[in-house]
Amino acid sequence: MARVAGMKVLLLDTAFAAAPVYDGLIHAGHEVWVMGNRAQDLLAAKAGGNWIEQDYSQVAAVIAHIRRLGIERVVPGCTDLSMDTCLQLGVTPDLMDSPETNAVLANKQAFRGLCRRLDLPAPQMQPPG
């Protein structure tokens, strides 16, 4: 895929773990907006005026912000919820897993079952305590 600089990108995450994604997008020359509902998160502060205070699980609200700002690409952060929202948006279906694939990967029990069926090792559940 060719590098396209200068796009307006929305990153659905404001937590510390998403900082490398944010930094990479900025380094590539994109105008990056971040979305999350916690003002104390690293990227909420780092993005300043490009922080959108919004729970990104609210897909209709995310769509409204995308339209209002003229966002060209949406990137998930480091949470299952951000990936799920991106899949529901359907803006880049050729770059994302199918919702069915994501459902298996994001659900520990379903993922372990898939690994069992494929005879692949997977982390085992440990009893509490």
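**Start in the sheet**

Select strand β2 (residues 31–36) and then β3: three bridges join the two, which run parallel. Strands here are DSSP runs of E with at least two residues, helices are runs of H or I with at least four, and both are numbered from the N terminus. Before going on, note that this is a predicted model, where local features need pLDDT of at least 70, side-chain atom pairs count only at pLDDT 80 or more, and totals for chains, interfaces and linings use all residues. Residues are numbered from 1 along each chain as its sequence is written, and side-chain values use heavy atoms, with hydrogens and water left out.

Zoom in on V34, whose bridge partner in β3 is W51. Now show the whole sheet: four strands, open, in the order β3-β2-β1-β4 with parallel pairing (two strands pair if DSSP finds at least two bridges between them). From one strand to the next, the twist averages 25°.

Helix α3 (residues 59–69) lies across β1 (8–12), β2, β3 and β4, at about 160° to β1. Contact means heavy atoms within 4.5 Å; axes are lines fitted to C-alpha atoms, for helices over the stretch in contact, and angles run from 0 to 180 degrees between N-to-C directions. Next, pick α4 (residues 80–89), lying across β1 and β4 and running at about 150° to β4.

**Last stop**

Select D119, in the segment after α6 (108–117). What is phi of D119 near? Phi is near 60°, a positive value in a residue other than glycine. Most residues other than glycine have a negative phi. D119 is exposed, with a relative accessible area of 69% (exposed is over 50%, buried under 20%, partly exposed in between, with a 1.4 Å probe and protein chains only).
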